[in-house]
Structure formats: structure tokens, C-alpha cells
Amino acid sequence: MVFKIVLGIGLTLVIIAGIALPMVPNPSSFFELPVVPGLEDKARIIFFHVPTAWVCVIAFIASLIYGIQYLRTKEILYDIKSVTAASLGFLFCILATVTGAIWSKFTWGAFWNWDPRQTSIFVLLLIYGAYFALRSSIEVEEKRASLSAVYSIIAGLTVPFFIFIIPRIVSSLHPDPIINPQGKIHMNPTMFLIFLASLTGFTAVYLWMFNLRIRFSKIQYQQQMKEQE
Amino acid sequence: MEFLNQNSLYIVLIITLICWFGIFGYLFSLDKKINKLEEKINKESKAVK
């Protein structure tokens, strides 16, 4: 319970700080953010858009790990966890795509530019869209779990490639990422603190949503087993 | 569009709201599913009694 209250207060503070702290050319106090040339207030998207993409990566990797665990143990709980992680990852992937497209409209002039980052997230959406299509096409539970576990492993392996590698190979209009080729953090300390708090908050929200969904799916599964008996 | 171009803070507001609606929508649909499941379990337990 304490965790949820802390999370609620923490994310509220992140939203307030991310939107309300003033942006000035030369920040002199901790409560001022620097003006990012060319982006101005639009630079604040980093506090909300990047964490959604981050959660999407975590969720897809979690889906991969649970897929491996299912194949090792054949316990249906891992299949439930794997599909829940993938569905949450898909939700956050859509959020990252939509928020990025809106930002792109006002920064680059169009909602969609086929920028390397937009293309790679679009391919990820297709890959995981196919994952859900695969699951819904198989009725036998064990076969569905096994096939989707294998698929989630292959799909999960492509995630770092699409999110971290491709956008760095091809030149992109996307602002300098945090993990950049120079290995330096090009960010004001206040911005970086809010950004880290936001990443932590979004990750905690994901874990909470995951936990709720798993509890529901477990009860639903037990109920189905009772009905079959 | 012109207004948003000149007041880009509102773009950030829209983006924050989209994130919130996504999370809220997920929780809302989960809540509905839990309600349905609870009803089903309650009906079954009454039928057993």
C-alpha cells in the first residue's frame, strides 16, 4: 500500500515538475530548466514519451524471459505472465508511437516521416501484432503456450535491435538519445533527475498493472479449470 | 494548429494526457473484466449452496 501511495505522489511531482518548471536560457537555480534550441517547451516530452518506450522494452524483454521459463518448466503461469507482459508492452509501444507522432507533427512538420525510430517502432508493433494473431489462432492451450513462447523469444530478441541499434546505424532527425555513441549524458542535472524519476515511476506503474492483470488471469484460469472438471 | 505551434507547452499536456488515457483505459477494461468474473464466481457459489 505504501508503495502505491509513494508512486502516486512521485508521479504527480514528476508531472508537475516536467510541465511547470520554467525554461530559461541560462539556468541559475535547481528549479530552472535550460532552453533546448529548436525544441523549447517541446523538449519536455522527454519526461513522458521516453519512459513509455522504456516500459515497452522492459515488457517485451520480460515476455521473452517468461517465454523461456515456460519452455523450461511447462507451467501455464509463465505463459500467462509472458502474454501479459507482451500485451502491456504493446500498449506502451502504441503510446510511444502516438505521443512521438504528435511531437513530430509540431517539430518535423508531419505526423509520420518514416524516420528510423518511427520505422523501427512500427515494425515492432507489427511483430507483436502478429504475436497476438498467432495466439488467437490456436485453441489447444499447450500448443498455444509453446508456440507463443517460442515466438516471444524470437520477437524479444529483435527488440534491442530495433530500439537501440537500427536508429544509431541510420542517420535520424530524432534528438540525441540518452545512450548516445559518445557515451555522455547531454542533460541538465534537474532535467536528468526528473527524467530518472519519471522512468522509475512509469516502470513502477507497469509493475503494478502487470501484478493486477496476473492476479486476474490466475483466478480466471482457476475458474476455467473448475468448469472443465 | 497555429495556437499549438505558438504554445508548445500544450503539446506536452496533450502527450501527458494520452499517456494517462492509455493507462486509465487499460485499468478500466481490467476493472470491467474483474467485475464480470466476480459476478460469475458469486453466481456459481450461490448455485452450489
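How many residues does the contact take from chain B and from chain A? The contact takes 21 residues from chain B and 25 from chain A, two residues being in contact if their C-beta atoms, placed from the backbone, lie within 7 Å. On the side of chain B that touches chain A, the elements giving two or more residues are helix H1 (2–6) and helix H2 (9–48) of chain B; H2(B) gives the most, with 18 residues. Helices (H or I, at least four residues) and strands (E, at least two) are DSSP runs, numbered from the N terminus.

The model is predicted: local features need pLDDT of at least 70 and side-chain atom pairs count only at pLDDT 80 or more, whereas totals for chains, interfaces and linings use all residues. Residues are numbered from 1 along each chain as its sequence is written, and chains are lettered from A and ligands numbered from 1 in the order in which they are written.

Turning to chain A, six helices and two strands are present, running α-β-β-α-α-α-α-α from the N terminus. Of its 229 residues, 33% are buried (20 or more other C-beta atoms within 10 Å of the residue's own; exposed means 12 or fewer, and partly exposed lies in between; C-beta atoms are placed from the backbone).

Buried residues of H4(A) include A:Ile121, A:Leu124 and A:Tyr128. Seen down the axis, the buried residues of H4(A) fall within an arc of 165 degrees, so they line one face of the helix; the arc is that of the directions from the helix axis to the C-beta atoms. These buried residues pack against helix H3 (76–107) and helix H5 (141–169) of chain A. The face of H4(A) turned away from the buried side carries exposed residues, among them A:Leu126 and A:Ala133.
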